[in-house]
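Dear colleague,

Please find below the structure that I am handing over to you.

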Amino acid sequence: MTTFRLVTPLLRELDRRGQIEFGDIWDVAVIAAIEDLENRYKQLRDRNRKLIDYASLPVQMAYAFKYVASHADFLAQVMLHGLVNDAGNALTDRDLRVTSLGGGPGSDLLAIIKVIRALSPERRPRSIHYRVLDKQPNWNEALEIVAASQKATIDIQ
């Protein structure tokens with residue numbers, strides 16, 4: 001399964017909410033948020049830069065659309081490399097416990113899901129106990145969407 005397909009339920013839900021909340025200007029708000037994120041990421045080395053606020057729905061949609069799939073795919077590649085080289089046995093624990101630092105929009109969780117789906121059924125965890133430490137509490141809703149989209153395949157708590 002491609003990583004983008006794993007992100008699709010999140011994008012659909014954010015889009016649904018955005019259309020309800022913003023109506024006809026939703027697309028314009030998301031495009032503006034994408035452009036703003038691109039500009040702000042160019043300033044990441046500037047100590048005097050204003051911190052990015054991910055609280056608004058357009059910014060969350062922009063970030064999820066533009067960055068989450070590629071970040072999750074990169075992380076999955078790193079983890080799969082670790083499994084091949086026997087460094088990733090922790091990913092095959094029956095009850096996997098994960099704490100993510102700054103992984104609010106779900107990139108880390110999506111990467112773990114992708115890796116687990118690549119494992120044979122007897123090596124897959126039964127459940128993931130996932131905790132995220134992120135300055136933006138609104139990302140919790142995004143994580144709940146990701147977890148709910150996997151209910152049929154893995155229990156994420």
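What is the handedness of the crossing of α1 and α4? The crossing of these two helices is right-handed, a term for a near helix turned clockwise from the far one by less than a right angle. Please note that this is a predicted model, in which local features need pLDDT of at least 70 and side-chain atom pairs count only at pLDDT 80 or more, while totals for chains, interfaces and linings use all residues. Residues are numbered from 1 along each chain as its sequence is written, and side-chain values use heavy atoms, with hydrogens and water left out.

Helices (H or I, at least four residues) and strands (E, at least two) are DSSP runs, numbered from the N terminus. The angle between α1 and α4 is about 130°, and their axes are 10 Å apart; axes are lines fitted to C-alpha atoms, for helices over the stretch in contact, and angles run from 0 to 180 degrees between N-to-C directions. The two helices are therefore oblique to each other (angles under 35 degrees count as roughly parallel, over 145 as roughly antiparallel, 65 to 115 as roughly perpendicular and the rest as oblique). T3, L6 and V7 of α1 meet L110, I113, K114 and R117 of α4, where contact means heavy atoms within 4.5 Å.

Helix α1 (residues 3-22) also packs with helix α5 (residues 139-149), at an angle of about 130° and with the axes 9 Å apart. That makes α1 oblique to α5, and this crossing is right-handed. On the α1 side the contact involves P9, L10, E13 and R17, and on the α5 side E141, A142, I145, V146 and S149.

The largest nonpolar core has 45 residues, of which L109, I128 and I156 touch the most other members. Such a core is a set of buried Ala, Val, Leu, Ile, Met, Phe, Trp, Tyr and Cys residues joined through side-chain atoms within 4.5 Å. Its largest share, 13 residues, comes from α3. Leaving aside residues up to four places away in sequence, I128 touches, among others, L96, V98, I112 and I154.

M61 lies in α3 and is buried, with a relative accessible area of 9% (buried means under 20%, exposed over 50% and partly exposed in between, with a 1.4 Å probe and protein chains only). Beyond four places in sequence, M61 touches L11, L14, D15, W26 and V30.
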